[in-house]
Amino acid sequence: MKIQICQMEVTPGHPTINLAKMLSNIEMAKKNAVDLIIFSELCIPGYLLGDLWEMEDFLKDCEQCGHEIRQASKDISVIFGNIAIDPLKINEDGRIRKYNALFFAEDQKFITPKNFHYPFTIKTLLPNYREFDDSRYFYSLEKLANEMDAKLENLLNPFESKHGNFACILCEDGWDADYHYSPLEFLTKKNPDLIINISCSPFTLNKNNKRNRTFSKQSAKYRLPILYVNNVGIQNNGKTIFTFDGQSTIYHPNGSNETLLPPFQEISKVFEYNKKQSIQITPTQSSEPEIKQIFESLQYGTKLFLKQLGIKKVVIGLSGGIDSAVAAALYATILKPEDLLLVNMPSQFNAELTKNLAFALASNLGCFYTQIPIDESVALSKKQIDQLTITSPNQKLTKTLQLSPFALENIQARDRSSRILSALSVAFGGGFTSNANKTETTVGYSTLYGDHAGFLANLADLWKYHVYELGEYINNNIYQKEIIPKGIFTVVPSAELSEKQDVTKGLGDPIIYEYHDRLFQSWVERWVRATPETILHW
């Protein structure tokens with residue numbers, strides 16, 4: 001049997017765009033005499049769509065797209081994920097019943113699993129952690145079994161196709177270690193020929209290593225190969241941009257695996273499968289370095305986000321420090337030099353050292369560069385606000401305002417972002433970035449409408465030590481020369497907003513990197529959350 005897996009770039013919320021790609025892949029597969037083509041979970045609507053799931057017109061569009069895939073299944077079998085609706089039932093919120101479903105189309109019909117009344121199978125395990133909120137929108141197979149007063153194991157059956165019996169699951173159904181039952185446990189008792197896991201799995205650091213451990217263990221336990229098909233693309237959830245890494249893989253009963261498709265690439269692959277023979281694959285591949293994974297995810301997500309927003313030019317405030325330097329070097333791998341503008345905005349507190357480092361980086365990148373001092377505009381703000389007497393119209397209320405040294409620091413940060421960078425980006429015809437990192441934002445060491453401003457903060461989920469590592473990686477592996485000057489790595493991190501932050505005297509941020517990175521990480525990212533008091537006790 002010839003199988004084609006499609007690691008498609010799914011555009012969330014745009015079913016007709018995704019449908020067009022799927023139909024194109026199906027027609028090409030037919031020309032190559034493919035027997036079975038497999039797409040990812042929710043590849044028609046996209047995933048993590050929030051309130052869009054509550055628009056019935058959108059749901060009906062997705063349903064219609066699914067029927068077009070069914071019509072295209074003449075002379076080929078198709079597995080794909082889509083939203084399924086039952087207009088005669090409701091969810092617990094009173095809205096129309098929705099299932100995260102897997103469809104198996106063959107000979108222009110949907111196959112109905114044995115002992116089931118729907119022509120699809122339903123996701124059983126619905127994740128509700130981190131970015132996931134599945135049970136808010138979808139009805140699980142477990143709930144349906146309870147509603148029908150049926151045993152869950154009786155509703156989980158392989159799809160009986162002319163090509164064999166396929167145990168098909170959706171994403172979380174394979175991550176069953178912490179659940180009180182296993183969909184795979186039930187399915188594999190029905191003698192399937194192959195396990196197929198279609199997923200829409202967001203990238204997190206080292207997640208693929210965990211996938212490989214989990215699914216390799218399962219394929220060995222059940223003595224069946226597992227074919228894992230994931231999509232690529234991004235999802236904008238308003239405050240968070242998720243990337244989907246693909247890395248579609250086949251897992252063999254001997255415990256080995258082969259990554260069939262590379263990360264962050266829209267690509268397909270055809271291979272031969274014979275259930276009577278072992279699948280010939282290479283030994284388990286070693287995992288990639290963390291920093292390489294980080295770079296690939298950031299570059300891919302940033303590039304796709306720019307494309308989706310239609311932003312073709314970018315302005316970056318360049319301080320001479322590591323954060324803005326890494327942001328600039330990263331954007332320079334995506335944009336042409338003429339589409340990138342770097343601007344240094346010194347005050348009386350900025351040293352010649354950092355100004356020269358900013359200029360050196362811009363020279364190395366060969367992009368646009370300018371310097372706009374802020375002393376005059378900050379002085380104007382101070383003149384207008386400091387010692388200003390404010391009164392009520394009836395003169396009963398009166399107060400004299402004062403700007404503290406701390407307030408004047410924030411005014412500088414806001415002047416750079418809210419005034420200069422925003423105006424420059426309009427004049428340049430693009431958007432400006434936020435260069436914040438996770439260490440600073442964890443404890444609020446940043447300025448609202450200053451450091452926080454910008455259309456994308458693509459470094460904001462990196463601890464400061466990650467930013468330094470990323471800078472070294474970009475120099476050594478991407479440009480293969482010193483694009484980010486050495487002095488940017490060695491200068492003391494500093495906001496340079498007062499005399500107390502003079503880098504020439506070794507004065508800088510109150511945060512001690514990498515000590516505080518690791519300290520904050522222990523209560524922000526640790527799976528079992530730890531309070532500062534617990535950490536002090538340790």
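My entries follow, going from the whole chain to single residues.

**Ground rules.** I am working with a predicted model, where local features need pLDDT of at least 70, side-chain atom pairs count only at pLDDT 80 or more, and totals for chains, interfaces and linings use all residues. Residues are numbered from 1 along each chain as its sequence is written, and side-chain values use heavy atoms, with hydrogens and water left out.

**Whole chain.** I looked up the secondary structure and got 17 helices and 21 strands; these are DSSP runs numbered from the N terminus, helices being H or I with at least four residues and strands E with at least two. The C-alpha trace spans about 80 × 65 × 55 Å along its principal axes. Of the 538 residues, 54% count as buried (under 20% relative accessible area; exposed is over 50%, partly exposed in between, with a 1.4 Å probe and protein chains only). I also checked contacts (heavy atoms within 4.5 Å): among those with a separation of 6 or more, 70% come from residues 24 or more positions apart.

**Ring pairs.** My rule here: rings of Phe, Tyr and Trp (its six-membered ring) pair if their centres lie within 6.5 Å, and planes under 30 degrees apart are stacked, over 60 edge-to-face, the rest tilted. That gives 26 aromatic pairs. Why is the pair of Phe520 and Trp523 tilted? The ring centres of Phe520 and Trp523 are 5.5 Å apart and the planes sit at 55°, so this pair is tilted. Phe520 and Trp523 share helix H16 (residues 515-524), three residues apart, about one turn of the helix. Phe520 is buried at 6% relative accessible area, whereas Trp523 is partly exposed at 25%. I also noted a cluster linked by ring pairs, with Phe80, Tyr99, Phe103, Phe110, Phe116, Tyr118, Phe120 and Tyr139 in it.

**Charges over rings.** The test is NZ of Lys or CZ of Arg within 6 Å of the ring centre and within 35 degrees of the ring normal. Lys313 lies over the face of Phe428, 5.1 Å from the ring centre. Arg518 puts its charged end over the ring of Tyr465, 4.0 Å from the centre.

**Helix crossing.** At what angle do the axes of H8 and H14 cross? For helix H8 (residues 290-309) and helix H14 (residues 464-479) I get roughly 85°, with the axes coming within 10 Å (lines fitted to C-alpha atoms, for helices over the stretch in contact, angles from 0 to 180 degrees between N-to-C directions). So H8 is roughly perpendicular to H14 (65 to 115 degrees; under 35 is roughly parallel, over 145 roughly antiparallel, the rest oblique). The H8 side of the contact includes Ile294, Phe295 and Leu298, and the H14 side includes Leu470, Tyr473 and Ile474.

**Two strand residues.** Thr243 is in strand S12 (residues 241-245) and buried at 7%. Leaving out neighbours within four places in sequence, Thr243 contacts Phe203, Phe264 and Tyr300, among others.

Phe166 is in strand S8 (residues 164-170) and buried at 1%. Beyond four places in sequence, the residues Phe166 touches include Met1, Phe104 and Ile196.
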